[in-house]
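Take a look at the fold, then come back for the details.

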Amino acid sequence: MNKTVTINISGIIFHIEEDAYDKLNKYLTTIRGYFNKAEGGSEIMSDIEARIAEMLQSKTSLVKQVVLMSDVDHVMDSMGKPEEFASESLEHASTDNESQNNSYTYNESIKKRLYRDGDSKVIGGVCSGVGNYFDIDAVWLRIALLLMFFFAGTGLLLYIILWIAIPEAKTTAEKLAMKGERADINNISKAVKEEAEQFKKRMEKYGDEFKNMASTHKDVPRNTIEKIVDFIGDILLNIGRVLLKIIGIFMVVFGVIFFFGLFTSVFGMTLFPNNVDGKEWIDLLLLDGKDFYLGLIGIAIFIGTPIIMMIYGGVKILFKIRYSNRWVNLSAGIIWLIGFFLLLMVGIKTGSDFSKTAKVRENIIVKPYQTLYLKMHEMPINFHEINMSDEDEEGEEGFKANKKNNDYMIGTNNGIKYLLGHAQLNIIKSQTDQINLVIVKEAKGADKRTATDRAKNISYQVIQKDSIIEFDNLFKVDHADKFRVQDMTVILKLPVGKIIYLDKSLETMIFDIENINNTYDGDMINRRWIMTENGLKCLDCNGIDDNVEETEWTDGSQPVDINKDGVNINSEDTKIKMDSNGVRIHSKEAKVTIDKHGIHVDSKKQ
Amino acid sequence: MVNSENTKAQMRKGVLELCILSILSQGDAYPTEIIENLKKTKLVVVEGTLYPLLTRLKNTGLLTYRWEESTSGPPRKYYMLTEIGTSYLKELHLSWYELVDAVNKTINKQD
């Protein structure tokens, strides 16, 4: 029993044994190779095919329906060997031998192509097909893919992409091509070399042709130039092919890397929701849990689809797969649009919740004391910063080290999660005799009401103990209220004549407090300030280095002293000291201090 | 290396054109008929030789063809001589006889 193939020669259907088909196909391919470049080549080809069809038809009958090997042999005998008769078409072929060689290297080998091998498949025949292509046992590829499956499912993705991209070998020709000569990257350079050699031969041939033409005065040089142009085109095409391969490799490799990154970041968020800042951030932005998952799916689709298509395209370029599936591109486009609209929907819904701003003011009357001591109270809460800051050191240490006022944090208190923000303190002149604290809370929402509600929900504590007022450093927002740019400022309204003392702990809380002395925030601490008609005035700023350890000037015995501690210059009018504390220059008229607080210049002439 | 087969093939090739035109001058024919004619006289060994030659003659305007349905197989191309072909054939006939004459004389002298 033999397998047969159905073929169509010159419009007539034949059933032909598989091996006979292979032989006939190879024969016709070789002939086609000879006549390809000849003038009227396709016409000659169809004439020959018509004749073969006629001959084969005379060999078949109702009783014997199938074309056998012997029939093909007979056809080939009476048609003759391709190289025997084909030289007729090449009128000026230099010698029979050479054209023979040329054509053989050109046409004999069947180019290997990548197909899925349906005959030895486990799932889709991808591994066995790729194995055929690279001459690797499919088992190894299967193991490799299975291992890759555990890297964020990359193996599965690759398998599906290859399944879609690679066509299955269905016809005998495709099955032959699947197992044909190895065609990998190494063979490309071989092919280029062969091309170059053929180029040399062709050029020699063209040279001869040209001489012939010149001697016979025929009007054909145009043809030669055309051939040369053709050949330069060939070379460029080959270079282009190599470049294309490189692009293909890049597309696949980066596609897989991107996919891995996407997979771990998106799915990481859902798998380990409590440890990932990004997830909490998104959670605080989006309105509810449903939006969170819709958003995630949207991101995954929106970024994932192009990545997958990139791998798909790379595979197709790499293995020269011409077959293309229209629904792949179409459905990829549709899926991408779905992802886009999901993102858009969630984005608009979230964005509209930021559209209105509301401010709420609360007034607290402070028990009057002549001097009020203002301090910061650090909230006993576990938190970590989230506002996309690079260091998310947990705990208070990291917090103290480097605090920016617009950083938000997530904190837990007794297992309840809060969004935490930094409160700001400002001091202004009161229009009345009362000492007032105004707490200004701000938040955003879809409408004025929700924004107001959110602002009201900001919780903040100020405690007065006799003459000491303690300000919480942070304000708390319920997790359910989401992040809506909540902000809070405490304003202390101080009547004229009252004195406050700013404790050092307030350093991070005070922000741009106006004062007559024009002192920076950092220098306002550790000092007493009195409210005057014109604003805050410093009471103990005369010696700006009051708070600094009193400089120990060396005695005047040595006017200039340079030792391992620094430099001392002691003249009658001027003293200069440079050491680990900084630089201090005192003269009769002025004092200059450079230390950990900054640069201070005090001049006696105001 | 002396290859007599090659020389013989070259000689046959040279006169093949004349023979095909002569056959067609006796009436239109399709390739298979031409081949059978040539095979009888052993001028053609393999059929494949014929097709490129016919195409070339057609393209230079010596031949033309018409399609005819066939009862056994694909439609056939019936070739016929054009006017140019006819006059071209006359020229070839003349030079052929001259050549045969000249060649015969040369060969006989050698003997």
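Angles under 35 degrees count as roughly parallel, over 145 as roughly antiparallel, 65 to 115 as roughly perpendicular and the rest as oblique. This is a predicted model, in which local features need pLDDT of at least 70 and side-chain atom pairs count only at pLDDT 80 or more, while totals for chains, interfaces and linings use all residues. Residues are numbered from 1 along each chain as its sequence is written, and chains are lettered from A and ligands numbered from 1 in the order in which they are written.

**Two helices of chain A**

- The axes of helix H1 (residues 18–35) and helix H3 (residues 69–79) of chain A come within 8 Å, crossing at roughly 20 degrees; axes are lines fitted to C-alpha atoms, for helices over the stretch in contact, and angles run from 0 to 180 degrees between N-to-C directions.
- H1(A) and H3(A) are therefore roughly parallel to each other.
- On the H1(A) side the contact is made by Asp19(A), Ala20(A), Lys23(A), Leu24(A) and Tyr27(A), and on the H3(A) side by Met69(A), Val72(A) and Met76(A); residues are in contact if their C-beta atoms, placed from the backbone, lie within 7 Å.
- By class, this contact of H1(A) with H3(A) has 6 nonpolar, no polar and 2 charged residues (Ala, Val, Leu, Ile, Met, Phe, Trp, Tyr, Cys and Pro count as nonpolar, Asp, Glu, Lys and Arg as charged, and the others, Gly among them, as polar).

**A sheet in chain A**

- In chain A, 4 strands form an open sheet with mixed pairing, in the order S4-S10-S14-S9; two strands pair if DSSP finds at least two bridges between them.
- Strands S4 (356–366) and S9 (424–429) of chain A stand at the edges, each with a single partner strand, so one side of each is left without a neighbour in the sheet.
- From one strand to the next, the twist averages 20 degrees.
- Strand S10 (residues 435–445) and strand S14 (residues 487–494) of chain A run antiparallel and are joined by 7 bridges, with Leu437(A) opposite Leu492(A) in S14(A).
- Helix H16 (residues 448–457) of chain A lies across S4 and S10 of chain A, at about 35 degrees to S4(A).

**Where the chains meet**

- In all, 16 residues of chain B are in contact with 22 residues of chain A.
- Helix H2 (31–40) and helix H3 (50–59) of chain B are the elements that give two or more residues to the side of chain B touching chain A.
- H3(B) gives the largest share of that side, 5 residues.

Note on methods:
Contact = placed C-beta atoms within 7 Å.
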